[in-house]
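Subject: Handing over the structure

Hi there,

Here is the structure I promised to send over. Have a look at it first, and then read on for what turned up.

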Amino acid sequence: MVRSRTIGSSVSTAALYAAMACIALLSLAPIWYTTAISFSDKAAAAAGSVTFWPQDFNLVSYATILGDPTFLGAFWISVKRVLLGGAINFVITVLMAYPLSKENREFRFRSAYMWLLVFTMLFSGGTIPLYIVVKELGLFNSIWSLVLPSAVPVFNIMLLLNFFRSIPKELNEAAEIDGAGPWYMLLKVYLPLSLPALATVTLFSVVNHWNAFFDGMIYMRSVDNYPLQTYIQQLVVQVNMQDISGDPNKLDLIAKMSNKTLNAAKIVISMLPILAIYPFLQKYFIHGIMLGSVKE
């Protein structure tokens, strides 16, 4: 009987691993396929003959993007946006989530603030009022127009708030008896215990800032001020037959590259920074996605 149970458990475990492997492969397939297209020849991509291995391997699409002097400037603007916007989001998220995690007897008007936050999650003023506000504040062509409109990430505040509320109240009571104030409790108790939650909301902020492109299109008046995602959205293959008629290098370039291969290269380049960051936050993120699931 024990042996049959052991065999059955092994079979179940093997089936579970096989199912998870299939799901992982299905998730990675679109990324691999896009990467293969980005390294393929124009004709092969247009004919649909590219599967999961590049056809007529070349680096023309990547050379076109990386050779554009605007690319490095756009990349640096996106890096600055992530660093500045992520820092602002982190500070505001922590400073709002901590007091809102208290009871009404500890923080008067807590319920009113909570209703205001919930209201902003359900209703938005829309793009036009936001555009007018940014214009009247004189933020056009400025990095602040990319980070200030999203400075208060309400969803992240809710996540961190729930995690703070799951921390045992006995810790807070013991610290108060020892004379600890709110700032000491926040910096020495709550934040060290909330690393999974902080890593999760930080990852959300980084991804949102890195992937955003629409605000760069409407707030920036110069291509030199575009963030990376806005830049690659605007990048297209434009062919002028008069310009390439006597240039064999340009003819070879057009023969190997199309909008399809170029767009695939854009996607791959824009994914790389997030793929580089995620492994360092993964162990915290796995715990952080269960925010507030364990209640006292």
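A salt bridge here is a side-chain nitrogen of Lys or Arg within 4 Å of a carboxyl oxygen of Asp or Glu. Please keep in mind as you read that this is a predicted model.

By that rule there are 2 salt bridges. In one of them Asp-215 pairs with Arg-81, and the closest N and O atoms are 2.5 Å apart. Asp-215 belongs to helix 12 (residues 214–219) and Arg-81 to helix 4, so this pair ties together parts that lie 134 residues apart in sequence. Asp-215 and Arg-81 are both buried.

The other one joins Glu-103 to Arg-165, with 3.7 Å between the closest N and O atoms. Here too distant parts of the chain are linked: Glu-103 sits in the loop between helix 4 and helix 5, Arg-165 is in helix 8, and the two are 62 residues apart. Glu-103 counts as partly exposed because its relative accessibility is 27%. Arg-165 is also partly exposed, with a relative accessible area of 27%.

Now for the overall picture. The protein has 16 helices and 0 strands. It is made up of 296 residues, of which 36% count as buried. Among the contacts with a separation of 6 or more, 72% are between residues 24 or more positions apart.

The largest pocket has a volume of about 560 Å³. It is lined by 22 residues, and the closest to its centre are Pro-149, Ser-150, Val-152, Pro-153 and Asn-208. At least two lining residues come from each of helix 4 (69–100), helix 5 (110–122), helix 7 (144–147), helix 8 (154–166) and helix 11 (195–211). Helix 11 gives the most, with 4 residues. By class, the lining of this pocket holds 11 nonpolar, 9 polar and 2 charged residues.

The second largest pocket has a volume of about 210 Å³. Of its 14 lining residues, Lys-102, Glu-106, Lys-169, Asn-172 and Tyr-190 are the closest to the centre. Helix 8 and helix 9 (169–177) are the elements that give two or more residues to this lining, and helix 9 gives the most, with 4. The lining divides into 4 nonpolar, 2 polar and 8 charged residues.

Is Ser-38 buried or exposed? Ser-38 has a relative accessible area of 0%, so it is buried. This residue lies in helix 1 (residues 2–38). A polar atom of the Ser-38 side chain lies 2.6 Å from the backbone oxygen of Thr-35. Leaving aside neighbours within four places in sequence, Ser-38 is in contact with Asn-58, Ser-61, Tyr-62, Thr-261, Ala-264, Ala-265 and Val-268.

Then there are two backbone angles to look at. Asp-56 is not a glycine, yet its phi is positive, near 55°. You will find Asp-56 in the loop between helix 2 (42–47) and helix 3 (60–66). Asp-56 counts as exposed because its relative accessibility is 54%, and the cut-off for exposed is over 50%. Asn-141 also has a positive phi, of about 60°, although it is not a glycine. Asn-141 is in the loop between helix 6 (127–136) and helix 7. With a relative accessible area of 33%, Asn-141 is partly exposed.

That is the tour. Happy browsing!

Best wishes

How values were computed. Residues numbered from 1 in each chain as written. Predicted model: local features only at pLDDT ≥ 70, side-chain atom pairs only at ≥ 80, totals over all residues. Heavy atoms only, no water. 1 Å grid on protein atoms, 1.4 Å probe; cavity = no way out; pocket = protein on both sides within 12 Å on 5 of 7 lines; lining within 4 Å. Points joined across faces, edges and corners; volume = space filled by probe spheres on them. Nonpolar A, V, L, I, M, F, W, Y, C, P; charged D, E, K, R; others polar. Buried < 20%, exposed > 50% of the residue type's maximum accessible area, 1.4 Å probe, protein only. Polar contact = N/O pair within 3.5 Å; in protein donor to acceptor, adjacent residues only side chain to side chain. Contact = heavy atoms within 4.5 Å.
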